[in-house]
Amino acid sequence: MQTSKTPYVILILGALLLLFGSYWGLSVAPAERYMGEVQRIMYVHVPTAWNWMLAVIFAFICAIAYLFTTNIKWDSRLEAALEVGVLLAFLLCCQGAIWAKPTWGVWWDWDPRLTSVAVLLMASLGIVALRNFVDDPRRRATWSAVATIIAAVDLPIVYYSVKWWNSLHQQQSTPQTVSSAFHLPLRVNGFGVLFVMIGFIMLRTRIAAMRLRNETAVPQHYEEAGELA
Amino acid sequence: MSGVVSGVVQGGWEFVIAAYSVTAVGFIVYAVSLFARLKEPKP
């Protein structure tokens, strides 16, 4: 079993970056002209969105890699990326709802951006949940990979929804679209969430690999019976 | 343009605190769940 401390180091680094970026965003960066203090939610919401998209892209890559190589390690990585993606998408929806209430006047709106994120969250959650009902690791890996590829088609729709449709959601936040005073906390928290996400995916991959080993191992009572026979 | 609401959002710190708290709790609970699953005894 892998016992490398690397995921823990990456997690701690990510947590420290998040603490520093959040401190800067909450107490040093200026309030935005129209949204006032509420805009500070951006320093946690936008990095979560960026890294959620990265998690979905990584899950898509794992799915393709599994179908081409049939190496079961890619299935463990896929399981990890999907579950961490579910966490990030859930947090993204919560943060978005909290930001929407004081600025839009509602917690939720069936706007194209919000709806497409919710669809991908539900699809990812469904794949993660249904994996527990398939006992054969190979069958589970194959249909998970295919389902992930189909679900990932929604990601470009999420990204471009604010351009394609008359969305209530603002355009993508990039260094070109936000004031330079907001860059530092946004970038620091961007890397913070990235490191936390990588640490989580590495640890979750270990859990998936452990489960796989347990599933494919010969049960001890069978081994004992074999010795007696 | 008529129909467009303009103005400045007043206050709002409670929403900021809520967003950061939800995120922190989400990360911490998930990290604890990972550590617990890693320590589970093998069947």
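Reply: A polar contact is a pair of N or O atoms within 3.5 Å; within protein, one must be able to donate a hydrogen and the other to accept it, and residues adjacent in sequence count only if both atoms are side-chain atoms. This is a predicted model: local features need pLDDT of at least 70, side-chain atom pairs count only at pLDDT 80 or more, and totals for chains, interfaces and linings use all residues. Residues are numbered from 1 along each chain, chains are lettered from A in the order written, and side-chain values use heavy atoms, without hydrogens or water.

Across the interface of chain A and chain B, four residue pairs are in polar contact, both at pLDDT 80 or more. Helices here are DSSP runs (H or I, at least four residues), numbered from the N terminus. Helices H1 (6–28), H2 (42–69), H3 and H7 (183–216) of chain A each supply at least two residues of the side that touches chain B. H3(A) gives the largest share of that side, 11 residues.

In total, 36 residues of chain A contact 23 residues of chain B (heavy atoms within 4.5 Å). The two chains bury about 2,700 Å² between them, 78% of it on carbon and sulfur atoms. Buried area is the accessible area (1.4 Å probe) that two parts lose on being put together, summed over both.

There is one salt bridge between chain A and chain B (a side-chain nitrogen of Lys or Arg within 4 Å of a carboxyl oxygen of Asp or Glu). The side chains of B:Arg37 and A:Glu83 meet in a salt bridge, at 2.8 Å from N to O.
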